[in-house]
Amino acid sequence: MISNFVTKRFHQRIDFMTQYLALNCELGLLIGEKHLLQGLVDNMLNEDDVTVVEIFDPDKKTLALGKRILPGPFEHISKKVFSSTSQEPIAWVGGTQKNKASEIIGEVKITYSVHGISELINAMKNQVLVSALALIFISCLIFHFISRSLVAPIVSLADTARKVSMGNKNVRAAPGTTPEIIRLSQAFNNMLDSLAQGRKTLVRTYEKLTRQEALVEVGKFSMMIAHEVKNPLGIIKSSLELIKSEFNIPDNNLLISYAEEEIVRLNHLIESFLMFSKPAKPQLAKVNLNQLVEQIVMGFDIQSLTTGVKLDCRIPESKFEAQADFDLLARGIGNIIKNACEANDNNGTVRIDVVEHYKMDKTPHKWEIFIQDQGPGISQEQKAKIFEPFFTTKSTGTGLGLAFADQAIKAHGGNIRIESPEIGGCCFCVTLFSNIREPEVLKAYDTDINS
């Protein structure tokens, strides 16, 4: 009876894992995310006795596969994956969920070894046999208590499985008393922990999708407002020029100067909204990245006559060429340098270092630029949000400068990281590669825009 019970629970555990895998991979099948599906497969391979895990699309094409070597014999189990948008869950019956009007979007298949459960059952049989021969002369009362001590952990495990099937995801099995039951309880608890981790991953994915949808709506709203405001703003500016000319108002009039400054500020804000909401695709060509930085620095040197910020640059004289959009990349890096100057409160020094990396055959490989300011630095909480649109720590900022820079660098296959030097301030490091291939960059950029 114990052997049959343990065997039944073992197969129910595998069936439960298969059903749960089918539920968890629904999102990956719907959006075609193979990395997410492969992650679920890798997590499932961490379970005891699982040797092969496969996920198929409706046409039986393999989307994710994982395997490891275990001793046989083996058995197989498969479950259909249904779309939650086309089915109505009724109830859990026997560890599986019944559905109606379901749409099959895929299938999962698990191959598992019964070698371990067979050894477990044989060990239990031997233990019971030896105990029976050794304790045949002991009274039925003692034997009764011993039997109860053997069955109680299994009953507890079954009760735990029932609670899990009813939706309680936080319950865990008791450790048990015998080594075999301890192993089974640990395996069951490990399975629940793995499923809980997978569920958290799905929640994070849903949250990310929600944020992306919100950004899309914000972008549409920004473009609408920008287009509606830009034309009236131009009329206001032209009307102000006519008033100055008609009434002979001098250029140094304080009120008129305030109005013109606010018009320029609003126009700059609108252009920032439009640039971020509808970014242009990079027009790739061979660009000398060192020369690009020199031109950016030259423009800031001219501005430094009025701002008081000094740029301390270390740029190699050699050429480091890469496929890039000169204007788009210049605006992105320029926004980072501008942010560093503003962090310095328009005084002090901003240090710029360019570092080149070459392969063993002396061909260019990686290019990095370090932009370090002398400002108050960035907290860990701000680092997590610094590249989000409309996030700013300045009273007059739009929160789009660094977001656009991040967008432009990623469009070129690079990345930006933030460091906190021991001497204080903040250091932005931009990394680009010389071997950028245009189709890959454009595909990645289009995907980022669509997101």
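**Labels and the values behind them**

Reply: This is a predicted model. Helix α9 (residues 326-343) and α11 cross at roughly 140°, and their axes come within 8 Å.

Me: Why is α9 called oblique to α11?

Reply: Angles over 145 degrees count as roughly antiparallel, and 65 to 115 as roughly perpendicular. The angle here is roughly 140°, so α9 is oblique to α11. The crossing itself is left-handed.

Me: Which residues make the contact of α9 with α11?

Reply: From α9 come L328, L329, R331, G332, I333, N335, I336 and N339, and from α11 come G401, L402, F404, A405, A408 and I409. By class, the contact of α9 with α11 has 9 nonpolar, 4 polar and 1 charged residues.

Me: What is the phi of D49, and what is the phi of K60?

Reply: D49 has a positive phi of about 75° although it is not a glycine. K60, also not a glycine, has a positive phi of about 65°. The place of K60 is the loop between β1 and β2. Most residues other than glycine have a negative phi, and most peptide bonds are trans.

Me: Where is there a cis peptide bond?

Reply: The cis bond joins G72 and P73, with omega of about 0°. P73 is in the loop between β2 (62-67) and β3.

Me: Why is α1 called roughly parallel to α5?

Reply: Angles under 35 degrees count as roughly parallel. α1 and α5 pack at about 25°, with their axes 12 Å apart. That angle is under the cut-off, so α1 is roughly parallel to α5. Their crossing is left-handed.

Me: Which residues of α1 and α5 meet?

Reply: I2, F5, V6, R9 and F16 in α1 meet I154, A158 and V164 in α5. The contact of α1 with α5 has 7 nonpolar, no polar and 1 charged residues.

Me: How many residues are in the largest nonpolar core, and which have the most contacts inside it?

Reply: That core has 41 residues, and C25, V53, I55 and I110 have the most contacts inside it. The elements giving two or more residues to this core include α1 (2-24), α3 (34-45), β1 (50-56), β6 (104-113) and α6 (179-246). The largest share, 8 residues, comes from α1.

Me: Which residues does V53 touch?

Reply: Leaving out residues up to four places away in sequence, V53 touches L21, V41, M44, L45, A64, L65, G66, K109 and I110. A second, separate core has 38 residues, among them V287, I296, I336 and A405. In soluble globular proteins, nonpolar side chains tend to be buried together.

Key: Residues are numbered from 1 along each chain as its sequence is written. This is a predicted model: local features need pLDDT of at least 70, side-chain atom pairs count only at pLDDT 80 or more; totals for chains, interfaces and linings use all residues. Side-chain values use heavy atoms; hydrogens and water are left out. A nonpolar core is a set of buried Ala, Val, Leu, Ile, Met, Phe, Trp, Tyr and Cys residues joined through side-chain atoms within 4.5 Å. Buried means under 20% relative accessible area, exposed over 50%, partly exposed in between (1.4 Å probe, protein chains only). Helices (H or I, at least four residues) and strands (E, at least two) are DSSP runs, numbered from the N terminus. Contact means heavy atoms within 4.5 Å. Axes are lines fitted to C-alpha atoms, for helices over the stretch in contact, and angles run from 0 to 180 degrees between N-to-C directions. A crossing is left-handed if the near helix is turned anticlockwise from the far one by less than a right angle, and right-handed if clockwise. Ala, Val, Leu, Ile, Met, Phe, Trp, Tyr, Cys and Pro count as nonpolar, Asp, Glu, Lys and Arg as charged, and the others, Gly among them, as polar.
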